[in-house]
Amino acid sequence: MPSPDDQPQRAILHVDMDAFYAAVEQRDDPQLRGLPVIVGGTGRRGVVATASYEARRFGVGSAMPTAQARERCPDGIFLPPRMARYAEVSAQIFCIFREFSPEVEGLSLDEAFIDVSASRKLLGTPMAMAQALKEKIRQRCQLACTVGVASNKLLAKLASGLGKPDGIRQITADQASAVIAVLPIQQLWTVGERTAERLQAAGIHRIGDLQQASATTLHRLLGPRGESLRRLALGLDERPVVVDREEKSIGAEETFERDLSSLDQALTMLMRLTEKAAARLRASDHLAAVVQLKLRKPPFVTQTRQRQLKPPLADTALLYACARELLETWWAAQRRPALRLLGVSFELVGAQTQQADLFGAKPTSLSLEDQINARFGQGGLVHARGLPAKFGPKG
Ligand SMILES: [Mg+2]
């Protein structure tokens, strides 16, 4: 008779790419390898999105103002993010994740939980899967990641944090409370800044302090939440891996430091945004069924304009033509047209791959344009409309 103790534990992987944006830049441009690369906003109010490990040695980290990063690392290479490119690489790594289990919950472009419990019979131990997954990502994408292995999401995520960079770290159920006892309470899921302050004021600084705290103390500090926090501190977490719902729309938008007041400027910006969003659309293997513009005029009036596409499509030039018509019509109807923000988004419809299956062959989902941009970097091929006026077509 199997006792409850024989219940097989769940096996959860938490995969986190190492310094993702910076690593993609260093992979795409070999001259950047080994150098401190800092990807983020380069404008006045920019912040760092990702710093390569070389840059982290100078004390540069994510969410730091770019100005401060420049002070700490004057020889750093500062690059604006190429989101369309990262989204494309993200789609590739998520395909690899799904080779280990369909139960994939994405947390961001470069991070996911994978419930591999049911894959053990076929693919071996969770550690073996973690190793194979790392290897596939290295071979196919030339990128490094860290994998945390545990019986729940909480521990798997803490494990990958401990294994960074380029590592695999397992936390077994019997080690759990000892291993995580030394970590600061902020690392515990649901502990935000305010909860941390309240706990620290009561002398609770590490997860171990939380484990020791009495139920009464925790209840006094946090109310009914206290008990659930104590369970988390012991490494207990029942949350299931929630498979991603299909994305419903993809878009790009930009807020301008100075309002756009000429139609020509607005069309140039529209082309750039359309290119960015359309590349993500194709990388996600979808077609656009609706094009929507988001238009904010000063001081703060936001309007939308949209049009259905029949049939749905993914071609940048056609998407731009439709978006352009919407923008020109809106522009002509304004008394004093000006834009503080412009956005373009696409409502998605059935995957291209599903259509392709009907014909028995899967065509490459990337257009020639995307393949060129993938090879030479975003901007390798851009529509002339998206170039600054002096390069662009007249009229
Ligand atoms: Mg990461």
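This is a predicted model: local features need pLDDT of at least 70, side-chain atom pairs count only at pLDDT 80 or more; totals for chains, interfaces and linings use all residues.

Author: We start with the naming of parts. Helices, of at least four residues, and strands, of at least two, are DSSP runs numbered from the N terminus.

Reader: How many helices and strands does the chain have?

Author: There are 16 helices and 12 strands in the chain. Of its 395 residues, 46% count as buried. Among contacts with a separation of 6 or more, 64% are between residues 24 or more positions apart.

Reader: Which other residue has a positive phi although it is not a glycine?

Author: Ala 63 is one, with a phi of about 75°. Ala 63 sits in the loop between helix H2 (53–56) and helix H3 (66–72). With a relative accessible area of 60%, Ala 63 is exposed.

Reader: You also spoke of peptide bonds. Which bond here is cis, with omega near 0°?

Author: That is the bond from Lys 310 to Pro 311. Pro 311 belongs to strand E11 (residues 301–313). The bond from Lys 164 to Pro 165 is cis as well, with omega near -15°. Pro 165 is in the loop between helix H7 (153–163) and strand E8 (168–170).

Reader: Next, helix pairs. At what angle do the axes of helix H9 and helix H11 cross?

Author: For a pair, look at the angle, then the handedness, then the residues that meet. The axes of H9 (residues 193–201) and H11 (residues 215–222) come within 10 Å and cross at roughly 130°. That angle makes H9 oblique to H11. The crossing of these two helices is right-handed. On the H9 side, Thr 195, Arg 198 and Leu 199 take part, and they meet Leu 218, Leu 221 and Leu 222 of H11. Sorted by class, the contact of H9 with H11 holds four nonpolar residues, one polar and one charged.

Reader: Let me try helix H4 and helix H6. Is their crossing right-handed or left-handed?

Author: The crossing of H4 and H6 is right-handed. Their axes come within 10 Å and cross at roughly 145°, with H4 covering residues 83–98 and H6 residues 126–141. From H4, the contact uses Gln 92, Ile 93, Ile 96 and Phe 97, and from H6 it uses Leu 133, Lys 136, Ile 137, Arg 140 and Cys 141. In the contact of H4 with H6, six residues are nonpolar, one is polar and two are charged.

Reader: There is also a metal. Which residues coordinate the magnesium ion?

Author: The magnesium ion is coordinated by Asp 16 (OD), Met 17 (O) and Asp 110 (OD), at 2.2 to 2.4 Å. The spacing of these donor residues in sequence is D-M-x92-D. Asp 16 lies in strand E1 (residues 12–17) and Asp 110 in the loop between strand E5 (104–108) and strand E6 (111–115), so the pair ties together parts that are 94 residues apart in sequence.

Reader: Are Asp 16 and Asp 110 buried or exposed?

Author: Both Asp 16 and Asp 110 are buried.

Reader: How do I read the surroundings of a single residue? Which residues does Leu 342 touch, for example?

Author: Leave out residues up to four places away in sequence, and list the rest. For Leu 342 the list includes Ala 252, Phe 256, Met 269, Lys 294 and Leu 295. Leu 342 is in strand E12 (residues 339–349), and it counts as buried because its relative accessibility is 0%. Lys 294 is 48 residues from Leu 342 along the chain, while their C-alpha atoms are separated by 5.7 Å.

Reader: Is Glu 25 buried or exposed?

Author: Glu 25, in helix H1 (residues 20–28), has a relative accessible area of 7% and is therefore buried.

Methods. Residues are numbered from 1 along each chain as its sequence is written. Side-chain values use heavy atoms; hydrogens and water are left out. Axes are lines fitted to C-alpha atoms, for helices over the stretch in contact, and angles run from 0 to 180 degrees between N-to-C directions. Angles under 35 degrees count as roughly parallel, over 145 as roughly antiparallel, 65 to 115 as roughly perpendicular and the rest as oblique. A crossing is left-handed if the near helix is turned anticlockwise from the far one by less than a right angle, and right-handed if clockwise. Contact means heavy atoms within 4.5 Å. Ala, Val, Leu, Ile, Met, Phe, Trp, Tyr, Cys and Pro count as nonpolar, Asp, Glu, Lys and Arg as charged, and the others, Gly among them, as polar. Donors are N, O and S atoms within 2.8 Å of the metal (3.2 Å for Na, K and Ca); water is not among the atoms, so sites may look incomplete. Buried means under 20% relative accessible area, exposed over 50%, partly exposed in between (1.4 Å probe, protein chains only).
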